[in-house]
Amino acid sequence: MSDDALSNLLHEERRFPPPADLAANANVTAETYAEADADFEGFWAKQAERISWGTKPTQVLDWSNPPFAKWFADGTLNITYNCLDRHVEAGNGDRVAYHFEGEPGDTRAITYAELLAEVSKAANALTELGVKSGDRVAIYMPMILETVVAMLACARIGAVHTVVFGGFSADALADRILDCGVEVVITADGGNRRGAPSALKPAVDQALERCPDVHTVLVVKRTGQETAMADGRDKWWDDVVGQASDQHTPENFPAEHPLYVMYTSGSTGKPKGILHTVGGYLVGVTYTTWATFDLKDDDVYWTAADIGWVTGHSYIVYGPLANGATSVMYEGTPDTPHQGRWWEIIQKYKVSILYCAPTAIRTFMKWGAEIPAKYDLSSLRILGSVGEPINPEAFVWYRTHIGLDQTPVVDTWWQTETGMHMISPMPGVSETKPGAAMRAIPGVVVDVVNDEGHPVENGQGGYLVVSKPWPAMLRTLWGDDQRYVDTYWSRFKGLYFAGDGAKKDDDGDIWLLGRVDDVMNVSGHRMSTTEIESALVSHPRVAEAAVVGASDPTTGQAIVAFVILRSDDVDADEGADIVKTLRNHVRTEIGPIASPRQIMVVEELPKTRSGKIMRRLLRDIAENRELGDVTTLQDSSVMNLIKDNLATSSGED
Ligand code: WT7
């Protein structure tokens, strides 16, 4: 076996330089990188000036007790003063903070002044209910403006929010409430999904059977559906918040005061409560929203993700608001009432920056390019991608059909743990390569290392690490410092271990290769799922692919691929031919070593609720095992669909 911790298989020659006019006026330039390289702490001290402090910090990073970092430790601030009051005081109260678009078609534009008033009322109401600084509040809501108000109201009074994605079950909600010591829950009767009201409150009621410490549930009326209210415990949001004063004086908190806990599933065991704190986090997301998206005053910005994920926290709520941006927020699914809904929204609000996940992009590829072609997408100037490696073909499709061959695509690598973008092209500087996240952003230092923790050479693969602390980094896991140390800081001395495989190409640019748990070992070659999936997706008939390693008597593991075909030009009768064609395609793109033992054509893939493919379940199928835990699966019928599918059309030849 070679020295490479992970083989470097794919080669990609396409290049996209930044548009000249964008480069000429870009927020970030080559000098920004030079500045950050020359003086790390000085660079971050300067970024800290983007926000308004009660007491200005004199310290930048305190790393005297690694891996427990403090940033700007002697500074104080109110994070919502930064997101709201200061814009109103600067005369921008009439600027729209969000254009809300409900799934049924209802709309509401809320200005910064209006949002400040709503948040002030909610902050007063929470205080009235006994919520104090440091208390935890769970938020289990649909994608509506009150979700933002609820988060900001907590943050304004120093309470810690833990937002639980509305698609999670009662059990998942209860686990998080218990782990976090929550006493107040904010929820809604329901939200609108796929053309119908979808209830939320019953899941709260069920969860609270296990959570005796929760004394108050605030319920926002969104859908108007029948909702049971427990006497004494449950209160309508409108009754409580509606009565409260819209004047509220923000108090300043120390920079290391907790802001939120966001749970993310670990590979084993109970979910990890990622803790973020107010000062460093706000500096990190304010700077990256400005830098990565080249955000300007007249932009209309849309992060098409759910607020229940970190993407929503950092790039729907805190980053855009701290920058005084105008955002779009959409409640529903992309195919309701038709498959052009996103493009209709972009046309309507003249969205100029769109940020979404590869899983969405590949779904749009599957639906066909003729759908976005019906809408005016010429307002777009920057496209972003997040959540998974973006296959080169999906990148090019996104740029061509959504970006009309003009817009840079920024592939942003980061995690719930990192809080902010870490590796990404800068739209006015980087000559992008489809599929590459490129380089660490100015102010962040990453590397790719081998098993011993030594940096790999260009052209080789290994493990992604972060070499220096960064302001929005997680501070610990809620209630479990030891697990924080073990999970992230024990594998390689002094380095943050992200859990992702990556490679450096010949220019030293970084390509993400998937989670290291998913790496396959075929005849002693360690190969990433991502590269073989990308080779499959580069065939014009393939919309989506998932690759896993299944045990094999000869090669140790063998490659098994699951593919979804595109709906444009389907030839239903090609049967086994498509399998042969795709296998040959992978051989030509990568080489015989990467040729899948089996290719199975399926209609759906098992995904988590945030859109990541659950390769673990596909491994079970590939190895003919009983299915493992499916509780975090977005749609559990998918697994039956795949199995039925395979019974009729085995991909083996
Ligand atoms: C994991 C973190 C970041 C917010 C949403 C997901 C994968 C994320 C990329 C990217 C390749 C990516 C990694 C990472 N990931 N962005 N641009 N290229 N992989 O947050 O749920 O905490 O997941 O998502 O595997 O470790 P998360």
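Q: What is the N to O distance of the salt bridge between D552 and R597?
A: The model is predicted: local features need pLDDT of at least 70, side-chain atom pairs count only at pLDDT 80 or more, and totals for chains, interfaces and linings use all residues. Residues are numbered from 1 along each chain as its sequence is written, and side-chain values use heavy atoms, with hydrogens and water left out. A salt bridge is a side-chain nitrogen of Lys or Arg within 4 Å of a carboxyl oxygen of Asp or Glu. The side chains of D552 and R597 form such a pair, with an N to O distance of 3.0 Å.

Q: How many residues apart are D552 and R597, which link distant parts of the chain?
A: D552 is in strand β28 (residues 542-552), where helices (H or I, at least four residues) and strands (E, at least two) are DSSP runs numbered from the N terminus. R597 is in the loop between α17 (575-589) and β30 (598-601). The separation of D552 and R597 is 45 residues.

Q: Are D234 and K201 buried or exposed?
A: The side chains of D234 and K201 meet in a salt bridge of 2.7 Å, N to O. D234 lies in strand β12 and K201 in helix α8 (residues 201-208), so the pair ties together parts 33 residues apart in sequence. Both D234 and K201 are buried.

Q: How far apart are the farthest two C-alpha atoms of the residues annotated "binding site"?
A: In the unreviewed UniProt entry, this annotation covers R193, R194, G195, A196, T311, S523 and R587. UniProt positions are given in the numbering used here, feature names are shortened, and annotations may be inferred rather than shown by experiment. The annotated residues span 395 residues in sequence and do not all gather at one spot, because their farthest two C-alpha atoms are separated by 50.5 Å.

Q: Which residues does G195 touch, not counting residues up to four places away in sequence?
A: G195 lies in the loop between β9 and β10 and is exposed, with a relative accessible area of 63%. Contact means heavy atoms within 4.5 Å. With residues up to four places away in sequence not counted, G195 touches E103 and T336.

Q: Which elements do the buried residues of α7 pack against?
A: In helix α7 (residues 170-180), A170, A172, L173, A174, R176, I177 and C180 are buried. An α-helix has 3.6 residues a turn, so residues three or four places apart point the same way. The buried residues of α7 pack against β6 (136-140), β7 (160-163), β8 (182-188), α8 and β14 (258-264).

Notes: Buried means under 20% relative accessible area, exposed over 50%, partly exposed in between (1.4 Å probe, protein chains only).
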